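Visitor: Hi, could you walk me through this one? I'd like to talk about strands and packing.

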Amino acid sequence: YHACMHSVHVQTALVLLTFQAGRLRVATVTENGQAALIRGDVLPEMDEGAHQAAVRVALNLTGLKKIHLHLAQAVVLLKAQRPVALLPYVAYLEEDEAESVAFRLHWLDVAAARKSMSEDDAHVLSMALEDARDWACDAAFPVRDLQDNFTLAELRPIYEAFIGSALNVSRFRRTLLMSGFIEAEEGLMRGALRPGQVYRAVRGKAKARLGKAIRLRGSLSPS
């Protein structure tokens, strides 16, 4: 690992996502007058690896006490000086968490962000979103990053934002209930016209590794 650091510049890129006003948004900073992903160097003297570096950068920048990061597909950028190995880490923030860090970051609609970024950052964002859409077909994501309880009507638009299309309502409900990643809050209902059952994430399974999560791509297929 350390030997590789001398020949390749290793950086992390944070792809922080949230769902606001019915749109999937990404956190950006401003560099040279344009939107950019949050990057951080992997420092051998401080970090045991890229994941620890990404967590360090994320917590320092956002002020959050904890964050769950998911490694997306790495991207190698061939620069003039030496290659840059860019390791994107994706996290989903709830709306209140996103609002709490809004003074430090700029939240942009994903489509608008890609248009205003450099070609490299737009490519990294696109690749990370593809992975995030795959993960959304695992029941554990983005459920496992939700801190508060929710109804399925509140949860479904988040999955649809990641997957990029509408989902079959009854199939979505049946699949999530069978997955074991959510459980009902007994006696709790929410909603004005037709109150819906309130659920919470099952923390034990919610922290399972993505590779061991139940694959739901077919079950969560669009309507």
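Visitor: What kind of model is it, and what cut-offs apply?

Guide: This is a predicted model, where local features need pLDDT of at least 70, side-chain atom pairs count only at pLDDT 80 or more, and totals for chains, interfaces and linings use all residues. Residues are numbered from 1 along each chain as its sequence is written, and side-chain values use heavy atoms, with hydrogens and water left out.

Visitor: Is β1 mostly covered or mostly open?

Guide: Mostly covered: eleven of the twelve residues in β1 (9-20) are buried. Buried means under 20% relative accessible area, with exposed over 50% and partly exposed in between (1.4 Å probe, protein chains only). Strands here are DSSP runs of E with at least two residues, helices are H or I runs of at least four, and both are numbered from the N terminus.

Visitor: Which strand runs parallel to β1?

Guide: β7 (residues 84-92) does, joined to β1 by nine bridges; Ala13 has Pro88 as its bridge partner there. Two strands count as paired if DSSP finds at least two bridges between them.

Visitor: What sits in the turn between β1 and β2?

Guide: Two residues separate them in a hairpin, and Ala21 in that turn has a positive phi of about 50 degrees.

Visitor: Switching topic: what is the order of strands in the open sheet?

Guide: It is β9-β11-β10, with antiparallel pairing. β9 (150-151) and β10 (182-190) are at the edges with a single partner strand each, so one side of each has no neighbour in the sheet. Thr151 of that sheet stands opposite Val198 in β11.

Visitor: Now packing. How many residues are in the largest nonpolar core?

Guide: It has 28, and Val15, Leu17, Val26 and Leu125 make the most contacts inside it. A nonpolar core is a set of buried Ala, Val, Leu, Ile, Met, Phe, Trp, Tyr and Cys residues joined through side-chain atoms within 4.5 Å.

Visitor: Which element gives the largest share?

Guide: α5, with seven residues.

Visitor: What does Leu125 touch?

Guide: Val15, Val26, Leu37, Val110, Ala113, Arg114 and Met117, not counting residues up to four places away in sequence; contact means heavy atoms within 4.5 Å. Apart from that core lies another, of 26 residues, including Val29 and Ile67.
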